[in-house]
Amino acid sequence: MEIRGIAARIGFEHPVLEAQGHDAIEIRVARSFEQFVEKGEFTFRSCTGAVRLHDFVKFRWETVSVDTSDVAGGAWRSLCLATTAGSRPTTCSREPDPEPRGAPPRQPR
């Protein structure tokens, strides 16, 4: 992926992508829906193995082909459910979202 290559060239071995606050998380989910689900080609499903420790949740999801039920991608996500005054919920990933196999190339935003 392009972002991983750029990050590696400037010395980041494991880039972290992060969305902070309800609005940022909602935008992230809406864009994923537009790219993969809205067209009717893919759906998302949760996987077993979610773990919660205090204000942190780690879970896995998969992108699944509507036509074939084949798994086309997926990732682990970490979510901080901040409860202190002034803090915001945060989701982050150590890896960029995988491009579902057979999906059209993503358009720059």
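## Aromatic cluster

Trp 61 is buried, at a relative accessible area of 14% (buried means under 20%, exposed over 50%, partly exposed in between, with a 1.4 Å probe and protein chains only). The model is predicted: local features need pLDDT of at least 70, side-chain atom pairs count only at pLDDT 80 or more, and totals for chains, interfaces and linings use all residues. Residues are numbered from 1 along each chain as its sequence is written, and side-chain values use heavy atoms, with hydrogens and water left out.

Searching the whole structure gives two aromatic pairs. Rings of Phe, Tyr and Trp (its six-membered ring) pair if their centres lie within 6.5 Å; planes under 30 degrees apart count as stacked, over 60 as edge-to-face and the rest as tilted. Phe 36 and Phe 44 make an edge-to-face pair, 6.3 Å centre to centre with 70° between the planes. Phe 36 is buried, with a relative accessible area of 6%, while Phe 44 is partly exposed at 33%. Phe 44 also pairs edge-to-face with Trp 61, at 5.3 Å centre to centre and 75° between the planes. This pair links distant parts of the chain, 17 residues apart: Phe 44 lies in strand 2 (residues 42–46) and Trp 61 in strand 4 (residues 56–65).

## Charge over a ring

The charged end of Lys 58 sits over the ring of Trp 76, at 4.8 Å from the ring centre. The criterion is NZ of Lys or CZ of Arg within 6 Å of the ring centre and within 35 degrees of the ring normal.

## Nonpolar surface patch

Ile 6, Ile 10 and Phe 12 form a nonpolar surface patch with about 310 Å² of accessible area together. Ile 10 is located in the loop between helix 1 (2–9) and strand 1 (17–20), and counts as exposed at 61% relative accessibility.

Patch residues have over 30% relative accessible area and no salt bridge; nonpolar side chains (Val, Leu, Ile, Met, Phe, Trp, Tyr) are joined within 5 Å, like charges within 9 Å. A salt bridge is a side-chain nitrogen of Lys or Arg within 4 Å of a carboxyl oxygen of Asp or Glu.

## Chain as a whole

The protein chain has two helices and six strands (DSSP runs numbered from the N terminus: H or I, at least four residues, for helices; E, at least two, for strands). Along the sequence the pattern is α-β-α-β-β-β-β-β.

Of the 109 residues, 27% count as buried. The chain exposes about 7800 Å², with 56% of it supplied by carbon and sulfur atoms (Shrake-Rupley method, 1.4 Å probe).
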